[in-house]
Amino acid sequence: MKKLDYPFKKEDILDLRVGDMVLITGKLFTGRDAVHKRLHDGVKSPVDLQNQIIYHCGPVVIGDKKKGFEVKAAGPTTSIREEPYQWEVMRDYGIVGVIGKGGMGPKTLKGCSDYGCVYMHAIGGAAQVLAEKIKSVDNVYWEDLGSPEAIWELTVEEFPVVITMDAHGGSLHEKVQASSEEELKKYL
Amino acid sequence: MVKKKAKAKKVVAKKAVKKTTKKTTKKVAAKKVVAKKATKKVAKKVAKKVAKKVAKKVAKKAAPKKAPAKKIAVKKTLAKKGGDQLFDSLLELIRKTSAEIPGDIQKVILEALHREEKNTTAEYAMNIIKANIELAKKKSQPLCQDTGTILFYVSHPVGFNQTEFTKTVHKAVRKATEVGFLRQNSVDSLTGKNDSMNVGPGHPDIHFHEHKKNSVEIKLMLKGGGCENVGAQYSLPNQALGAGRDLDGVRKAILDCIVKAQGKGCGPGVLGVCIGGDRGAGYVQSKEQLLRKLDDENSVADLKKLEKDIVETANKLGIGPMGFGGKTTLLGCKIGTLNRLPASFFVSVSYMCWAYRRQGVSLKGDNSIAKWLY
């Protein structure tokens, strides 16, 4: 088990390889479909994302800014929908990690190599285990997108992920896709 | 006899006509009087019934004018209580569905965990899944943050009031969203606005079905978007897959869907499949297959064989939990059929994630929960 602590550094990211199980401690910013589309459309991010990690997640949050927020559930959402946009966010904002589920495609994989970033796979559906790792909700941006689509600034402790795409061209998803297609031929 | 009856009918009809003409000729004030009389009549009847059952003493002591009013009040509260009871039962159904995995699913998940090799990412994923199931139940909070499409399947006796039931469902869904059993998950497809507390066109999705029993049975499925997105519909023959219009073609289509889904649907998952139907009915039926218990064996021998074969073959492909690679890709497969047109042959596949949120209740006469169905 490896550890990745805040503030995140490029050299730590470059050390990570496909198959590594990692516990993250520090800040995460949620961002999913609407956030990526808005960034792609040219609207500037309301937060500085340099050396930060984006989490593809639409949490269940109750409460408000006055009373404070409580995260009731916070697992990853399917990442492939951000495939058209993710590499741009890596290029324009200098993010070092993307957490999601299901993996991403060749554009993102190239982005990881070009800009020094990793794709980290959280366990899909494990919303309670992952919500327990959230120690505080520090801020929220772009609430007009609706609660699941807003940017939530979270502090996490030992948040468990598996590296499935690294900054050196490695992708577990490409590998499993190819091997399972090959294997299927035997049974048709 | 026939003539007599006919005569009698005529007399009744005449009287009725007289009554109506009288009524219509009278002014509004007169109508009010009639209304009052009617209320009194109903009230008296109610009073008699309630007096027998609920409050003998009160009825005897009370003055005749006051008694009816009191009885109506009692009945109203009873009716309101019935509505509240349905609301309570629905809210509890939503809570339990969102937070607790049904026993038949938990069993196969634990079996899958033990199958995976130690110290692999697959085993790691299954262990987190196991911990998540325990934690969600303990905290009574959603297993998965995507509380999904809210699908109700309601079986009810003849004469059931679907309109009133739907109203109470909407109320319960709003409340469940407010307290966090459900995420705000309903987006206006044109404006992108998400402020409907899960009530809007198509949400929640309620399927009514009349049955011969006297009881009301409500099944609920919360189906997340990740797994819904990897569902697929095939029109056979499909040249690219070499899939013809037979069970072997169906098999090829289903296996193609599994390989295309990889880990994106939060595997290991369960497939609901429909062979036949039109495009719409095929998908609806494929989801209804997911209402079957996992240990339920198909009564059609060919389908039973195909269900088993799909699971075994899928688990040889090495896709594994979350698509990390591993031994369990699929936990189950349920296949049903609908008739088709000679021109069409659809295979519709719905993928359900491991966070298989499906529960059901049968209700007592007073709308409280009689028993859980899963």
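Entry 1: I began with a cut-off: a residue counts as buried when its relative accessible area is under 20%. I kept in mind that this is a predicted model. A:Phe8 comes out at 2% relative accessibility, so I noted A:Phe8 as buried.

**Entry 2: aromatic pairs.** Next I looked up how many aromatic pairs there are, and over all chains the structure holds six. One of them joins A:Tyr6 and A:Phe8. Their ring centres are 5.1 Å apart and their planes make an angle of 90°, an edge-to-face arrangement. I also checked A:Tyr6, which has 35% relative accessibility and therefore counts as partly exposed.

**Entry 3: over to chain B.** Here I picked out the pair of B:Phe160 and B:Phe208. I wrote this pair down as tilted, with 6.4 Å from centre to centre and 50° between the planes. Where do the two residues lie in chain B? B:Phe160 is in the loop between β1 (149-156) and α7 (162-178), while B:Phe208 belongs to strand β2 (residues 205-210). The pair therefore ties together parts that are 48 residues apart in sequence. B:Phe160 is partly exposed at a relative accessible area of 22%, and B:Phe208 is partly exposed too, at 27%. I then found that B:Phe160 and B:Phe208 form one aromatic cluster with B:Phe165.

**Entry 4: charges over rings.** Last, I looked for charged side chains above rings. In chain A, the ring of A:Trp142 has the charged end of A:Arg38 over it, 4.9 Å from the ring's centre.

Key
Residues are numbered from 1 along each chain as its sequence is written. Chains are lettered from A and ligands numbered from 1 in the order in which they are written. This is a predicted model: local features need pLDDT of at least 70, side-chain atom pairs count only at pLDDT 80 or more; totals for chains, interfaces and linings use all residues. Side-chain values use heavy atoms; hydrogens and water are left out. Rings of Phe, Tyr and Trp (its six-membered ring) pair if their centres lie within 6.5 Å; planes under 30 degrees apart count as stacked, over 60 as edge-to-face and the rest as tilted. Buried means under 20% relative accessible area, exposed over 50%, partly exposed in between (1.4 Å probe, protein chains only). Helices (H or I, at least four residues) and strands (E, at least two) are DSSP runs, numbered from the N terminus. A charge sits over a ring if NZ of Lys or CZ of Arg is within 6 Å of the ring centre and within 35 degrees of the ring normal.
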